[in-house]
Amino acid sequence: MDTPGYVILSRLTVQNRATAVLANNVANADTPGFRAQRMVFAEMVERGRDVAGPSSLRRTAYVQDRATWREMENGSIAQTGNPLDVAISGEGFFAVETPRGERFTRAGRFSIGTEGRIVDIEGHAVLGTGGQPLAVAPGDSRIEILGDGTIRSENGPIGKLRVVRFENPQALLAEGDRNFDPAAERPVPVERPGLVQGAVEGSNVRPIMEMTRLTAELREFQFATQFSERENDRLQSVIDRVLRRRS
Amino acid sequence: MRSLSIAATGMMAQQTNVEVISNNIANLSTTGFKRRRAEFQDLIYQNIRRAGAQSSEAGTVLPSGAQVGLGVRTSAIYRISEQGNLQQTENRFDMAIRGNGYFQVTLPSGETGYTRDGTFGLSAEGQLVTAEGYTVLPGITIPATARDVTINASGEVLVKLDSQVALSNVGQVQLAIFANEGGLDAVGGNMFLATPSSGAAQQAAPGQAGYGQVMQGFIETSNVNVVQEITSLITAQRAYEMNSKVITASDEMLSTLTRLR
């Protein structure tokens with residue numbers, strides 16, 4: 001009897017999570033290399049059991065959060081003037097070495113760590129094409145990064161940045177710290193990555209989209225709760241009528 | 001409601017951003033000041049459904065997972081060590097560095113401090129000191145009888161003494177460079193200290209490969225760009241507002257829920 005209530009409940013639950021995803025997008029609007037996420041809804045159909053009548057009328061569709069979809073278009077590129085900031089103008093990810101294994105990031109905010117190693121903001125070594133960390137010599141002061149990822153200083157070449165792409169970037173797991181866990185995906189090296197030195201890619205969060213969606217989500221939530229109230233009224237009136245007839 | 005706490009992390013991050021920007025603007029005319037920028041990164045994610053998990057007994061797998069991120073945090077506030085403008089002061093002991101490097105100064109604690117602020121003067125003993133009176137290394141004494149002082153691009157201090165025709169060399173200012181300038185620890189008073197992250201100071205005379213040149217009679221202004229700071233301030237303020245809007249909306253959702261009959 002209470003099926004409508006449960007359908008509404010499923011809607012409110014996933015709406016709650018969708019708002020959390022949106023809040024995370026807004027909070028990370030200023031995070032370099034961040035990719036906005038969307039919740040994907042799906043209906044979960046339950047066939048009615050032990051009820052008479054045509055089966056098509058006896059189906060209940062609940063709503064379910066099937067997946068989060070990651071928007072993969074590029075964020076805006078901002079000039080920073082720092083020689084070790086690199087933005088990827090096309091497709092691809094940089095590779096960094098973390099204690100948990102190789103991780104991938106779009107945020108090319110690098111600096112020089114201990115022993116001259118090129119590291120990301122957490123101090124993880126940035127990897128070169130051979131999968132080895134890159135290091136600058138103590139005497140190097142002018143570092144130049146070319147469009148294809150070659151790094152060189154006035155004393156000669158240092159190495160080449162490893163830039164990779166994935167067949168299905170949706171399968172990557174965001175891990176925090178701007179890194180992505182490749183999970184089961186296999187990285188494929190990008191031949192001509194198109195890097196820009198002295199610039200950093202921002203997030204691809206579009207504030208207008210997020211704010212509009214927030215308003216829409218709020219209204220949908222209110223609509224769902226209103227529906228639940230109507231349903232409550234309807235049940236109440238049914239009960240009242242039944243009781244009146246009895247008395 | 002997770003969205004409340006997520007938006008709160010966003011507001012805290014933007015708060016830090018505004019603090020960094022206001023410090024930049026406050027130090028607009030601080031000699032040798034380097035502007036700073038706050039950097040953010042995403043917090044950990046909750047996996048509601050993992051990509052690649054089995055979705056049915058028939059062996060179908062989910063093509064992409066459902067992940068909810070938990071917000072943002074400040075990861076670093078880094079200095080942008082772009083060269084500031086050089087401003088002429090006509091003061092003969094003022095020095096500016098054009099290019100890489102820091103002046104070395106002995107702090108009262110005995111440590112060596114590093115600074116780009118070349119507002120120097122003389123102590124009672126005729127020693128070259130900073131505006132605070134700390135000795136500039138390697139310790140150069142200008143004789144009281146000196147009529148004129150010239151400091152050349154390689155930091156050599158040449159004085160004209162009354163009795164001599166030729167200028168005499170009384171010392172050479174040394175510069176220090178670091179493998180990772182961003183790792184220096186700012187201690188206020190335009191002063192920096194070396195840390196394990198910055199690496200040890202490498203000293204050489206100005207003008208050598210990799211080192212800047214010294215310019216007498218100039219100081220380096222801050223590298224703060226007002227237009228840029230105001231634009232970032234506007235962006236930060238709007239981002240703060242957007243996060244607070246998310247909180248308002250989440251709150252409204254919650255209040256609808258509590259009013260539910």
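Analyst: A strand here is a DSSP run of type E with at least two residues, and strands are numbered from the N terminus. In this sense B:Asp185, the residue I start from, belongs to strand 15 of chain B, residues 185-188; the model is a predicted one.

Is B:Asp185 buried or exposed? Because a residue counts as exposed when 12 or fewer other C-beta atoms lie within 10 Å of its own, B:Asp185, with 12 such atoms, is exposed. Leaving aside residues up to four places away in sequence, B:Asp185 touches B:Phe192, B:Leu193 and B:Thr195. B:Tyr114 is 71 residues away from B:Asp185 in sequence, while their C-alpha atoms are 9.7 Å apart in space.

Strand 11 is joined to strand 12 (residues 156-161) by five bridges, and B:Asp148 has B:Lys160 of strand 12 as its bridge partner.

Chain A has backbone features of its own in two loops. In the loop between strand 14 (173-176) and strand 15 (179-181) of chain A lies A:Arg178, which is not a glycine and yet has a positive phi of about 65 degrees; A:Arg178 is buried, with 28 other C-beta atoms within 10 Å. The loop between strand 15 and strand 16 (188-189) of chain A contains A:Ala183, where phi is near 50 degrees, again positive in a residue other than glycine. A:Ala183 is partly exposed, having 13 other C-beta atoms within 10 Å.

Turning to the interior, nonpolar side chains in soluble globular proteins tend to be buried together. The largest nonpolar core has 62 residues, and those touching the most other members are A:Phe93, A:Phe94, A:Ala95, A:Ile118, A:Val126, B:Val136 and B:Leu175. Strand 5 (residues 93-98) of chain A gives the most to this core, with four residues. Not counting residues up to four places away in sequence, A:Ala95 touches A:Glu102, A:Phe104, A:Leu127, A:Arg162 and A:Val164. A second, separate core of 33 residues includes A:Val21, A:Val205, A:Phe221 and B:Ala38.

The contact between the chains takes 55 residues from chain B and 52 residues from chain A. On the side of chain B that touches chain A, the greatest contribution comes from helix 2, with 11 residues, and the residues of that side divide into 27 nonpolar, 20 polar and eight charged. The 33 residues of helix 2 of chain B should span 48 Å at 1.5 Å a residue, and the end C-alpha atoms are 48 Å apart, which agrees. Among the buried residues of this helix are B:Ala236, B:Met242, B:Val246 and B:Met253. The buried residues of helix 2 of chain B pack against helix 1 (3-27) and helix 2 (207-246) of chain A, together with helix 1 of chain B.

Key: Residues are numbered from 1 along each chain as its sequence is written. Chains are lettered from A and ligands numbered from 1 in the order in which they are written. This is a predicted model: local features need pLDDT of at least 70, side-chain atom pairs count only at pLDDT 80 or more; totals for chains, interfaces and linings use all residues. Two residues are in contact if their C-beta atoms, placed from the backbone, lie within 7 Å. Ala, Val, Leu, Ile, Met, Phe, Trp, Tyr, Cys and Pro count as nonpolar, Asp, Glu, Lys and Arg as charged, and the others, Gly among them, as polar. The expected span of a helix is 1.5 Å times one less than its number of residues. A residue is buried if 20 or more other C-beta atoms lie within 10 Å of its own, exposed if 12 or fewer, and partly exposed in between; C-beta atoms are placed from the backbone. A nonpolar core is a set of buried Ala, Val, Leu, Ile, Met, Phe, Trp, Tyr and Cys residues joined through C-beta atoms within 7 Å. Two strands pair if DSSP finds at least two bridges between them.
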